Amino acid sequence: MDINKYSPKFKVNAKHLLHIADLSAEDVFEFLYTAKLFKKKFKVGENAPVLRDKTVALLFGNVSTRTRVSFEMGIRQLKGDYIFLPKNETQLSRGESIKDTAVMLGRYGISAMVLRAFPDEEIKQFVQWSEIPVINGISDLSHPLQVLSDLFTVWEVKGRLDDLKLAYIGDGNNVANSLIMGCSKVNMDIAVACPHGYRPPRTIVERGMQYGNVLITDDIAEAVHGADVVYTDVFISMNDEDDESKKRKLARYRVTPEVMALAKPDAVFMHCMPAHRGEEVAAEVIDGPSSIVYDQAENRLHMNKAALALLVK
Ligand code: CP
């Protein structure tokens, strides 16, 4: 389905936002159109007070710049309130059950919870016991808000999503997983170039293939050929130990000017950040004219607002 032929209703069927794999293409489009609307309003100083009298719990298990600040600012702009709860300052860190935590947050009048860096199995338990929307702010398997926001950014920059090609180079991690599901649901081709041992899980690749064209290869040139977007992420994710062997295996998957030259002449470069210049991406690329990484980061704000507006009742 072509997003530009879709008529938004500004509502979704989803009750939670856990993985893009759970969303229909229509719901993906609803998130993107709602983010577009919030961004347009923000640019002229208008912010709909859709979270008035609502409080969102931000339950974070690791450090964050973009996710935390974009949620805190987004909630303020929508006239809501939030409680920032570092996991290690809650009883969860001392073994309290997820059931007890999830039930209690709802009883206190919390309207939604954003879970950052919880194992996917624990996120499922929150959903099982929670009567309020649960939003995955990153997990081992996926980073759905990042990728919804990225699709919005591609749509803004390229004017369409239909029939574009995104090449992801590097570690087949949670961002790669969400890109596979996100691209395939909006009719974008995706090619992932990564070394053996660091490929996205077969189940996710097969699921993506049900909706669109997904290529997994160890050949960077094959992945990048004809790409409209070249995307990478850090080699070592936040909860991983620093792994020199992994870095060595991924070293040749760096996005350099030579790699960008293999893509279409008007290809853009994306990175969800934080970035390590000289490791997964050359400074000339991320700081060069084809880079749209700050637009990506900016759009996290508008996508987070869209997600809360669509999910919080
Ligand atoms: N991309 C992303 O999730 O950034 P933070 O780790 O800063 O939240």
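**Ground rules.** I number residues from 1 along each chain as its sequence is written, and side-chain values use heavy atoms, with hydrogens and water left out. Because the model is predicted, local features need pLDDT of at least 70 and side-chain atom pairs count only at pLDDT 80 or more, while totals for chains, interfaces and linings use all residues.

**Domains.** I looked up how the chain is divided and found domain 1 (3-142 + 300-311) and domain 2 (144-297); the bounds come from an automatic or database domain assignment. Their centres, taken over C-alpha atoms, are separated by 24 Å. I then checked contacts (heavy atoms within 4.5 Å): 36 residues of domain 1 meet 30 residues of domain 2.

**Cores.** I next looked up nonpolar cores, meaning sets of buried (under 20% relative accessible area, 1.4 Å probe, protein chains only) Ala, Val, Leu, Ile, Met, Phe, Trp, Tyr and Cys residues joined through side-chain atoms within 4.5 Å. The largest has 65 residues, and F31 and L32 have the most contacts inside it. Leaving out residues up to four places away in sequence, F31 touches V12, L17, L23, L148, M303, A306, A307 and L310. A second, separate core has 22 residues, including A191, F269, V285 and I286.

**Ligand site.** I listed the residues around the ligand (a heavy atom within 4 Å): S64, T65, R66, T67, R116, H143, Q146, C272, M273 and R300.

I then went through polar contacts (N or O pairs within 3.5 Å). A ligand oxygen is 2.9 Å from a side-chain N or O atom of H143. A ligand nitrogen is 3.0 Å from a side-chain N or O atom of Q146, and a ligand nitrogen is 3.0 Å from a polar backbone atom of C272. Alone, the ligand exposes 260 Å², of which the protein buries 96% (Shrake-Rupley method, 1.4 Å probe).

Notes:
Buried < 20%, exposed > 50% of the residue type's maximum accessible area, 1.4 Å probe, protein only. Polar contact = N/O pair within 3.5 Å; in protein donor to acceptor, adjacent residues only side chain to side chain.
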